[in-house]
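I opened this entry to keep track of what I looked up. The notes go from the whole chain to single residues.

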Amino acid sequence: FLNHFRRMPTIEAVEDGDLKEYSNVEICKLLLQSFGTMSDSFEHLDADKDGRLSREEISEGLRSIGVRMNMDKLKQFLQETDLDKDGFVDYREFLRMVSQTSMSDIRGTGTDE
């Protein structure tokens, strides 16, 4: 499944970029481009190594790869990803967000596959 993300066109992060226009699919692609695997991506984002991602960790982790997520998009991302509504995204929730991305969403980002 992750090979479909890898086959997507490269996504460029603008220096003072804003992820407001990026979908969760594109966020996943940016993470894969930067870290190679979703496991490595999660580990990078999980700054305090407690096994869950806070709003600040997601924001800072994305900033470290050259992208900025505005607060509205960050709130939306957390609402869609935080299934147990504890205010954090654990690894299971993180992987579920990736796996629930439909193939039509992936194709909708500009690939001809």
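What follows is my list of look-ups, in order.

Ground rules. I am working with a predicted model, where local features need pLDDT of at least 70, side-chain atom pairs count only at pLDDT 80 or more, and totals for chains, interfaces and linings use all residues. Residues are numbered from 1 along each chain as its sequence is written, and side-chain values use heavy atoms, with hydrogens and water left out.

Entry 1, the whole chain. I looked up the secondary structure and found seven helices and two strands in the protein chain. I take helices (H or I, at least four residues) and strands (E, at least two) as DSSP runs, numbered from the N terminus. In sequence order the pattern is α-α-α-β-α-α-β-α-α. The protein chain has 113 residues, and 39% of them count as buried. Buried is under 20% relative accessible area, exposed is over 50%, and partly exposed lies in between (1.4 Å probe, protein chains only).

Which residues of α5 are buried? In this helix, residues 71-81, they are Lys73, Leu74, Phe77, Leu78 and Thr81. Down the axis of α5 these buried residues fall within an arc of 135°, so they line one face of the helix. The arc is taken from the directions from the helix axis to the C-beta atoms. On the face turned away from the buried side I found the exposed residues Asp72 and Gln79. The cover over the buried residues of α5 includes α2 (24-35), α4, β2 (89-90) and α6 (91-99).

I placed Glu57 in helix α4, residues 55-64. Glu57 is buried yet has no salt bridge, and the nearest side chain of opposite charge, Arg52, is 6.9 Å away. For charge, Lys and Arg count as positive and Asp and Glu as negative, while His and the chain ends are not counted. The Glu57 side chain reaches the backbone nitrogen of Ser54 at 2.9 Å. Leaving aside neighbours within four places in sequence, Glu57 is in contact with Leu45, Asp46, Ala47, Asp48 and Arg52.

How many salt bridges does a search of the whole structure find? I got one, using a side-chain nitrogen of Lys or Arg within 4 Å of a carboxyl oxygen of Asp or Glu. Asp50 forms a salt bridge with Arg52, with the closest N and O atoms 3.3 Å apart. Asp50 is partly exposed at 37% relative accessibility, and Arg52 is partly exposed at 32%.

Note on methods: Polar contact = N/O pair within 3.5 Å; in protein donor to acceptor, adjacent residues only side chain to side chain. Contact = heavy atoms within 4.5 Å.
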